[in-house]
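These are my notes for a colleague meeting this structure for the first time. The points below take up contacts, charges, strands and rings in turn.

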Amino acid sequence: MKTLFLTAALLLACTTSVAQNEEDAIRESLQSYIDGSSYNDPEKIVAPFYEDARMFLSKKDQPIWILSAAEYAELFKKREKGKFNGRVGTILSVDRANDIATAKVEININKGEMIFIDLFILKKLEDQWKIISKAATRMPEG
């Protein structure tokens with residue numbers, strides 16, 4: 001009985017460890033995007049994205065604004081690389097099922113002047129978690 005209990009406990013610990021490592025890898029991909037967009041680093045912005053990924057963004061007077069990761073990163077190229085620009089990203093949640101995941105991130109710009117919620121879809125490709133899609137909405141003020 002003791003052996004059965006120890007075997008079950010060991011299997012549970014291994015499963016939990018693998019799941020935690022996968023979530024850490026997902027968070028690492030998201031953090032690359034967050035850090036890149038907070039510190040004007042186009043390479044870090046693009047790195048976690050699948051090359052054909054699309055972003056579905058909010059833009060004033062436009063129902064939807066669709067960009068590739070490269071096009072989005074271009075928006076940061078004229079700014080001083082490595083300098084904090086007032087964007088603070090916080091990973092709110094991660095949900096994984098086998099080789100796909102969803103994540104929710106809050107982007108707070110200039111201490112609450114603007115707040116966006118970003119929803120990501122990720123897929124594990126060649127042992128790396130890649131963002132395959134992102135949708136964002138600007139939260140109403142107040």
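1. A polar contact is taken here as a pair of N or O atoms within 3.5 Å, where within protein one must be able to donate a hydrogen and the other to accept it, and where residues adjacent in sequence count only if both atoms are side-chain atoms. By that reading, the side chain of Asn40 reaches the backbone oxygen of Lys83 at 2.9 Å.

2. Please keep in mind that this is a predicted model, in which local features need pLDDT of at least 70 and side-chain atom pairs count only at pLDDT 80 or more, while totals for chains, interfaces and linings use all residues. Residues are numbered from 1 along each chain as its sequence is written, and side-chain values use heavy atoms, with hydrogens and water left out.

3. To stay with Asn40, this residue is found in the loop between α1 and α2, where helices (H or I, at least four residues) and strands (E, at least two) are DSSP runs numbered from the N terminus. Asn40 counts as buried at 4% relative accessibility; buried means under 20% relative accessible area, exposed over 50%, and partly exposed in between, with a 1.4 Å probe and protein chains only. Leaving aside residues up to four places away in sequence, Asn40 touches Phe76, Arg79, Glu80, Lys81, Gly82, Lys83 and Asn85, a contact being heavy atoms within 4.5 Å.

4. How many salt bridges does the structure hold? There are eight, a salt bridge being a side-chain nitrogen of Lys or Arg within 4 Å of a carboxyl oxygen of Asp or Glu. One of them joins Glu22 to Lys124, with the closest N and O atoms 2.7 Å apart. This pair links distant parts of the chain, since Glu22 belongs to helix α1 (residues 2–38) and Lys124 to strand β5 (residues 114–125), 102 residues apart. Glu22 is buried at 16% relative accessibility, whereas Lys124, with a relative accessible area of 25%, is partly exposed.

5. Within helix α1, Arg27 and Glu23 are four residues apart, and therefore separated by about one helical turn. They form a salt bridge whose closest N and O atoms are 2.9 Å apart. Arg27 is partly exposed at 27% relative accessibility, and Glu23 is partly exposed at 24%. Elsewhere, Asp41, Glu43 and Lys81 are linked in a network of salt bridges.

6. A further salt bridge runs between Asp118 and Lys134, with the closest N and O atoms 3.2 Å apart. Because Asp118 lies in strand β5 and Lys134 in strand β6 (residues 128–138), the pair ties together parts that are 16 residues apart in sequence. Both Asp118 and Lys134 are buried. Lys134 also has its charged end over the ring of Tyr72, 4.9 Å from the ring centre; a charge sits over a ring if NZ of Lys or CZ of Arg is within 6 Å of the ring centre and within 35 degrees of the ring normal. The charged end of Lys59 sits over the ring of Trp65 at 4.4 Å from its centre.

7. Turning to the strands, β1 (residues 49–59) and β6 pair in the parallel sense over four bridges, pairing requiring that DSSP finds at least two bridges between two strands. In β6, Lys134 is the bridge partner of Met55. Strand β1 is also joined by five bridges to strand β2 (residues 62–68), and these two run antiparallel. In β2, Ile66 is the bridge partner of Phe56. The hairpin of β1 and β2 has two residues between the strands, and in this hairpin Asp61 takes a positive phi near 60°.

8. A search of the whole structure finds five aromatic pairs; rings of Phe, Tyr and Trp (its six-membered ring) pair if their centres lie within 6.5 Å, with planes under 30 degrees apart counted as stacked, over 60 as edge-to-face and the rest as tilted. The rings of Tyr39 and Phe84 have their centres 5.5 Å apart and their planes at 50°, so this pair is tilted. Tyr39 sits in the loop between α1 and α2 (42–46) and Phe84 in the loop between α3 and β3, 45 residues apart. Tyr39 is partly exposed, with a relative accessible area of 37%, and Phe84 is partly exposed at 41% relative accessibility. One aromatic cluster is formed by Tyr33, Phe49, Tyr72, Phe76 and Phe120.
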